[in-house]
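Please look over the model shown here.

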Number of protein chains: 2
Amino acid sequence: MSAPVAVPRLSINRWTCRTTPLQDLLEACVAEGIGGIGLWRQDVAEIGLDALRRRVDDAGLAVTSLCRGGFFTAADPTDRAAALEDNRRAIDEAVGLGTDVLVLVVGGLTREDKDLVAARERVVENITALAPHAEQAGVRLAIEPMHPIFAADRGVVSTTAQALDIAEAVGSAAVGAIVDTYHVWWDPQLAASVARAGESGRLMGYQVCDWNLPLAAETLHSRGYMGDGFVDFPAVTRLVAGAGYTGPIEVEIFNEDVWATPVDDAVRIVRERFEQLVLPSA
Amino acid sequence: MSAPVAVPRLSINRWTCRTTPLQDLLEACVAEGIGGIGLWRQDVAEIGLDALRRRVDDAGLAVTSLCRGGFFTAADPTDRAAALEDNRRAIDEAVGLGTDVLVLVVGGLTREDKDLVAARERVVENITALAPHAEQAGVRLAIEPMHPIFAADRGVVSTTAQALDIAEAVGSAAVGAIVDTYHVWWDPQLAASVARAGESGRLMGYQVCDWNLPLAAETLHSRGYMGDGFVDFPAVTRLVAGAGYTGPIEVEIFNEDVWATPVDDAVRIVRERFEQLVLPSA
């Protein structure tokens with residue numbers, strides 16, 4: 001069997017094959033020429049930081065990001081302090097894994113407190129409190145704008161422009177945005193916002209998957225292989241490339257059908273779709 | 001039994017009680033002091049324009065809007081011409097019903113054509129073609145920004161700012177936006193956009209319902225009674241009032257549970273929630 005041809009830029013997010021043992025996923029990546037992996041804090045908790053780092057190193061993969069910090073919207077001071085402490089640990093874990101990108105999902109509302117403006121202000125305050133630790137650690141905080149379908153329960157930052165506004169309000173070069181096609185493909189201001197992210201040095205990552213319809217019963221699991229839904233990948237990828245982004249591109253799919261697919265097949269499909277729909281425009 | 005106290009500003013959208021015979025809904029509105037109703041073209045098709053107008057007049061209600069024109073995104077010239085012709089009929093129906101507001105749901109993408117930018121350009125072109133007929137008829141075209149959850153299959157206009165950009169590109173005073181809490185509550189630019197709509201004379205309606213979670217299996221049916229979900233009604237209503245809007249406020253709920261509720265109960269809950277959460281800030 002010949003050695004696989006390395007696929008430029010491609011990284012696979014751990015959650016794309018979350019039900020697969022890590023070692024099997026790493027081997028499937030190596031077999032397909034995939035050189036990067038985005039990890040989750042659950043992996044750290046399960047395997048341990050050092051052992052996790054060693055396994056990924058041994059496979060020859062780079063860790064392209066750590067998911068995730070955030071959940072900054074609690075109004076209660078005790079909850080707020082706990083969130084900040086947990087985020088500092090997440091920064092340290094990113095260092096330990098050899099990645100300089102920590103993805104932030106900022107958190108949502110509660111039925112008891114529907115004040116969206118105040119929740120968004122708390123996000124700014126908490127990222128401001130966190131930024132010095134990130135700067136010292138050499139880790140970048142990549143705010144992930146979430147699709148407005150998740151504004152109530154998961155992420156009150158809904159657009160790339162809003163993420164950049166927060167980064168500028170914080171005033172740290174360590175804070176920026178990650179562009180995830182699932183969350184931002186619909187944004188009428190996407191072209192301008194991605195360009196602005198590039199110009200300001202705050203474009204910290206690019207994640208891809210498709211917007212599938214009908215939505216899954218668990219809407220978070222409606223992410224699909226590129227090409228299965230409605231996202232115009234060449235168009236969005238051209239925006240990201242035009243903004244000067246040359247970093248890894250993570251395929252991050254949450255999908256029950258993908259999780260039920262043998263890992264070798266899933267990783268092969270990821271590579272094929274990436275080569276067809278993303279890489280030519282990257 | 002004493003006569004009901006009229007509830008200022010409140011209108012009920014026909015679809016809130018779509019499974020109820022129209023006459024029963026009209027009588028329930030009269031009993032609760034509700035003075036307006038938003039109708040659908042399906043009502044016109046079912047009852048006939050003149051008979052429909054007579055029934056609503058006899059009940060003493062005002063028609064506050066007609067839903068809906070739009071579906072402008074087809075690329076095929078024959079489909080495009082048919083859509084324009086159908087929209088001209090919709091304008092005429094609005095006139096026949098005595099309302100000057102036609103709500104536009106602009107249409108989505110297809111799996112064969114995912115070019116979002118081009119679809120949005122066709123929306124501008126088609127509303128430009130439609131505007132003269134609306135001006136002559138004295139009907140305002142109220143573009144309804146749709147929640148991005150519907151960008152793929154129903155409405156490629158996702159924000160109030162985008163609707164206003166389109167109205168300005170068309171260049172007709174007969175084109176503007178309608179604010180529907182379900183669709184726009186999450187928008188980080190909502191305050192600025194609603195103010196802009198008011199300043200430019202393009203704030204053409206206000207519809208309310210809540211963003212319920214979990215989403216219904218048919219996501220379109222996740223609209224809830226005000227107070228059941230995550231929308232901050234006083235906050236959004238203050239924005240609309242601050243923009244100078246003094247027109248009717250339509251309660252438009254699509255919800256299987258509401259449709260299964262006896263109409264008198266549903267209309268009473270609508271009135272109560274409106275009086276609690278919307279009217280004090282309107």
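What follows covers symmetry, helix packing, the core, and some backbone details.

This is a predicted model, in which local features need pLDDT of at least 70, side-chain atom pairs count only at pLDDT 80 or more, and totals for chains, interfaces and linings use all residues. Residues are numbered from 1 along each chain as its sequence is written, chains are lettered from A and ligands numbered from 1 in the order in which they are written, and side-chain values use heavy atoms, with hydrogens and water left out.

**Symmetry**

Two copies of a chain are related by a rotation about an axis and a shift along it. Contact means heavy atoms within 4.5 Å.

Helices (H or I, at least four residues) and strands (E, at least two) are DSSP runs, numbered from the N terminus.

| Helix pair | Angle | Axes apart |
|---|---|---|
| α3 (residues 49–59) and α4 (residues 77–97) of chain A | about 35 degrees | 9 Å |
| α3 (residues 49–59) and α4 (residues 77–97) of chain B | about 35 degrees | 9 Å |

Axes are lines fitted to C-alpha atoms, for helices over the stretch in contact, and angles run from 0 to 180 degrees between N-to-C directions. In chain A, α3(A) passes α4(A) in a right-handed crossing. A crossing is right-handed if the near helix is turned clockwise from the far one by less than a right angle, and left-handed if anticlockwise. From α3(A), the contact takes A:Leu49, A:Leu52 and A:Arg53; from α4(A), it takes A:Glu93, A:Val95, A:Gly96 and A:Leu97. By class, that contact of α3(A) with α4(A) has 4 nonpolar, 1 polar and 2 charged residues. Ala, Val, Leu, Ile, Met, Phe, Trp, Tyr, Cys and Pro count as nonpolar, Asp, Glu, Lys and Arg as charged, and the others, Gly among them, as polar.

In chain B, the crossing of α3(B) over α4(B) is right-handed. B:Leu49, B:Leu52 and B:Arg53 of α3(B) meet B:Glu93, B:Val95, B:Gly96 and B:Leu97 of α4(B).

**Core and tryptophans**

The largest nonpolar core has 200 residues, of which A:Ile127, A:Trp211, B:Ile127 and B:Trp211 touch the most other members. Such a core is a set of buried Ala, Val, Leu, Ile, Met, Phe, Trp, Tyr and Cys residues joined through side-chain atoms within 4.5 Å. Leaving aside neighbours within four places in sequence, A:Trp211 has contacts in both chains, including A:Trp185, A:Phe230, B:Pro148 and B:Ala152.

A:Trp185 sits in the loop between α7 (181–184) and α8 (190–199) of chain A. A:Trp185 counts as buried because its relative accessibility is 5%. Buried means under 20% relative accessible area, exposed over 50%, and partly exposed in between (1.4 Å probe, protein chains only). Beyond four places in sequence, A:Trp185 is in contact with residues including A:Leu190, A:Trp211, B:Leu109 and B:Ala151. A:Trp185 and A:Glu275 are 90 residues apart in sequence, and their C-alpha atoms are 19 Å apart.

**Buried or exposed?**

B:Arg122 lies in helix α5 (residues 116–137) of chain B. At 16% relative accessibility, B:Arg122 counts as buried. Setting aside neighbours within four places in sequence, B:Arg122 is in contact with B:Phe72, B:Thr73, B:Ala74, B:Ala75 and B:Asp113.

A:Gln276 lies in helix α11 (residues 263–278) of chain A. At 52% relative accessibility, A:Gln276 counts as exposed.

**Backbone details**

A cis peptide bond, with omega near 0 degrees, runs from A:Cys67 to A:Arg68. A:Arg68 lies in strand β3 (residues 62–70) of chain A. The bond from B:Leu213 to B:Pro214 is cis, with omega near -5 degrees. B:Pro214 is in the loop between β8 (210–211) and β9 (223–224) of chain B.

A:Arg9 is not a glycine, yet has a positive phi of about 75 degrees. A:Arg9 lies in the segment before β1 (10–13) of chain A. At 23% relative accessibility, A:Arg9 counts as partly exposed.
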